[in-house]
Structure formats: C-alpha cells, structure tokens
Amino acid sequence: MRIDIVTIFPEFFAAPLALSIPARAAAAGAVSYNVVDLRDFTHDRHRTVDDYPYGGGAGMVMKPGPFFEAVESLDVDGPIVLLSPRGRRFSQADATRFADCRTLTLLCGHYKDIDQRVADFLATEEISLGDFVLSGGEPAALAIVDATVRLLPGAMSDLDSARGDSFFDDRGLSAPSYTRPPTYRGHDVPEVLLSGDHKRIAEWRLREGERLTQSRDDGAASGSEP
C-alpha cells in the first residue's frame with residue numbers, strides 16, 4: 001500500500017517513519033510513504049496556507065485550496081482521512097480496514113481549524129484520536145500509520161503477536177503480560193503462567209482480558225453524564 005501524508009511539517013515524519021515497525025514494513029515492500037508538503041500547492045510568494053475566519057474570531061483557518069490541489073495531484077484509491085477533533089474516534093477496526101487498502105491519505109491540519117469544505121467535500125472520513133486537542137494532525141497521523149502498518153505482511157517478525165493484542169478482532173483488552181524473573185521485589189508472577197498447562201493459561205488469559213475490558217467499560221460508564 002501507499003500512505004500519503006499531507007502536512008505543512010514534512011520534517012515531522014522523517015525520523016519516526018525510519019524507525020521500528022514503520023521502517024520494517026517499508027523495507028519489506030509492504031508500504032511506501034509519500035509525505036506531501038501542503039505549501040507546494042499555494043500560489044503566492046509567502047506560500048500561505050491559512051487566512052482569517054469569516055465571521056470574525058480568534059485564530060487562523062487553513063484554506064481549502066491547497067488541500068484540494070494536493071489530493072488531486074495524487075493517484076488516490078482509498079480513504080482520504082481528515083484528522084480532526086470533530087471526527088469519530090479511531091479504532092483497531094479502522095487500522096485493520098486501512099491495512100487492506102491500496103492507498104491511505106491523511107490530511108493534517110494546524111492552526112485554529114480547517115475550512116469545513118475540506119471535511120464536507122474532500123475527505124471521505126473524519127477521525128479523531130480522542131476527546132482532546134493536539135497542536136496539529138501530525139501526531140495523530142503517526143499513530144494511525146503505526147497502528148495500520150504493523151498489520152501488513154513483513155512488518156512484524158511474528159504476526160501472532162499482533163493477533164494477541166488488545167482490540168484485535170474486536171476482542172477487547174488483552175491479559176497482562178509477565179516475564180522473568182518469576183519473583184521481583186516480593187511480587188510474584190501468577191502461578192498459572194508458570195504451570196506449563198497451556199489450556200489453563202489460555203483460560204486465564206481469556207478471563208483476565210474480559211475482566212479488564214469490563215472494568216474499563218464500568219469506569220467509563222461511571223464517569224459519564226446522566
């Protein structure tokens with residue numbers, strides 16, 4: 001697949017995409033990254049990508065033209081995702097869906113906002129990482145890239161490791177993990193994990209995952225508005 005990232009900060013992505021799983025996926029030929037400088041699609045000597053909001057108010061709004069022209073310059077055959085706090089929350093199911101696409105285009109905003117016409121008439125979906133605001137869409141784009149490319153062939157040395165992760169196949173949270181030593185500062189690894197009984201271990205992991213998922217769901221419900 002090819003991942004296009006449209007941003008005013010191309011340098012933001014240089015180091016992260018050259019490290020760990022994103023780099024391994026690219027080296028395996030499973031993905032290529034195309035970081036597009038939004039300012040290349042401006043038409044003034046200052047390379048202006050923002051302007052004052054209609055109706056007044058504080059902050060600057062990113063203009064629609066550079067986003068439309070940037071995407072039109074690409075051979076897009078997949079989702080065009082606007083990273084925005086107004087979007088629905090990103091999930092593992094999205095990462096799985098994106099990993100099956102030929103292209104994935106991520107639009108990174110900055111400043112106060114992006115002209116709503118980008119969301120309404122260019123992006124095919126609007127996605128958020130959660131109920132908080134970042135300085136720009138770049139960190140969110142990196143999170144989506146990482147979650148997606150780790151599912152591609154060759155990205156991980158052991159794909160079974162990904163299958164045991166939290167949220168894989170809508171499974172909810174995974175069970176806690178432990179490694180050596182069996183006792184550390186008086187704290188023991190659960191006995192079942194040392195038993196060698198794979199059936200008991202699988203059952204324990206299933207129960208613990210369900211318990212943690214339910215605990216988190218209960219915590220979210222108790223903190224919600226009536």
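In this predicted model, the loop between strands E9 and E10 (187-188) holds Arg-185. The backbone there takes a positive phi of about 55 degrees, although Arg-185 is not a glycine. Most residues other than glycine have a negative phi, and most peptide bonds are trans. Arg-185 is also exposed, with a relative accessible area of 71%.

A positive phi of about 50 degrees is found for Ser-20, again a residue that is not a glycine. Rather than in a loop, Ser-20 is found in helix H2, which spans residues 20-27. The relative accessible area of Ser-20 is 54%, and the residue is thus exposed. A further backbone feature worth a look is the peptide bond between Arg-180 and Pro-181, which is cis with an omega of about 5 degrees. Pro-181 lies in the loop that runs between helix H7 (159-163) and strand E9 (183-184).

Turning to the fold as a whole, the protein chain contains eight helices and ten strands. Of its 226 residues, 39% count as buried. Among the contacts in the chain with a separation of 6 or more, 74% are made by residues 24 or more positions apart.

Five of the strands form an open sheet in the order E2-E1-E6-E5-E8, with parallel pairing. Which strands stand at the edges of this sheet? These places are taken by E2 (32-37) and E8 (125-128); each has a single partner strand, so one side of each is left without a neighbour in the sheet. On average, and with direction ignored, neighbouring strands of the sheet are turned by 35 degrees against each other. Helix H3 (residues 64-72) packs on the sheet and touches E1, E2, E5 (80-89) and E6. The direction of H3 makes about 165 degrees with that of E6.

The pairings within this sheet can be followed strand by strand. E1 (residues 2-7) and E6 (residues 103-107) run parallel and are joined by five bridges, and Arg-2 stands opposite Thr-103 in E6. E6 is also joined to E5, by three bridges and again in parallel; here Val-81 stands opposite Leu-106 of E6. E5 in turn pairs with E8 in the parallel sense over five bridges, and Leu-82 faces Glu-126 of E8 across this pairing.

Is Thr-105 buried or exposed? Its relative accessibility is 0%, so Thr-105 counts as buried. When neighbours within four places in sequence are left aside, the contacts of Thr-105 are Asp-4, Val-6, Val-71, Leu-74, Val-76, Pro-79, Ile-80 and Val-81. Val-81, listed among these contacts, is the residue that stands opposite Leu-106 in E6.

A second open sheet has three strands in the order E3-E4-E7, and its pairing is mixed. E3 (50-51) and E7 (113-114) stand at its edges; each has a single partner strand, so one side of each is left without a neighbour in the sheet. Two bridges join E4 (residues 61-62) to E7, and this pair runs parallel. Across it, Val-61 stands opposite Asp-113 of E7.

The axes of H4 (residues 92-99) and H6 (residues 138-149) come within 8 Å and cross at roughly 70 degrees. How do these two helices lie to each other, and what is the handedness of their crossing? H4 and H6 are roughly perpendicular, because a crossing angle of 65 to 115 degrees counts as such, and their crossing is right-handed. In the contact, Ala-95, Phe-98 and Ala-99 of H4 meet Ile-144, Ala-147 and Thr-148 of H6. By class, this contact has five nonpolar residues, one polar residue and no charged residues.

Key
Residues are numbered from 1 along each chain as its sequence is written. This is a predicted model: local features need pLDDT of at least 70, side-chain atom pairs count only at pLDDT 80 or more; totals for chains, interfaces and linings use all residues. Side-chain values use heavy atoms; hydrogens and water are left out. Axes are lines fitted to C-alpha atoms, for helices over the stretch in contact, and angles run from 0 to 180 degrees between N-to-C directions. Helices (H or I, at least four residues) and strands (E, at least two) are DSSP runs, numbered from the N terminus. Angles under 35 degrees count as roughly parallel, over 145 as roughly antiparallel, 65 to 115 as roughly perpendicular and the rest as oblique. A crossing is left-handed if the near helix is turned anticlockwise from the far one by less than a right angle, and right-handed if clockwise. Contact means heavy atoms within 4.5 Å. Ala, Val, Leu, Ile, Met, Phe, Trp, Tyr, Cys and Pro count as nonpolar, Asp, Glu, Lys and Arg as charged, and the others, Gly among them, as polar. Buried means under 20% relative accessible area, exposed over 50%, partly exposed in between (1.4 Å probe, protein chains only). Two strands pair if DSSP finds at least two bridges between them.
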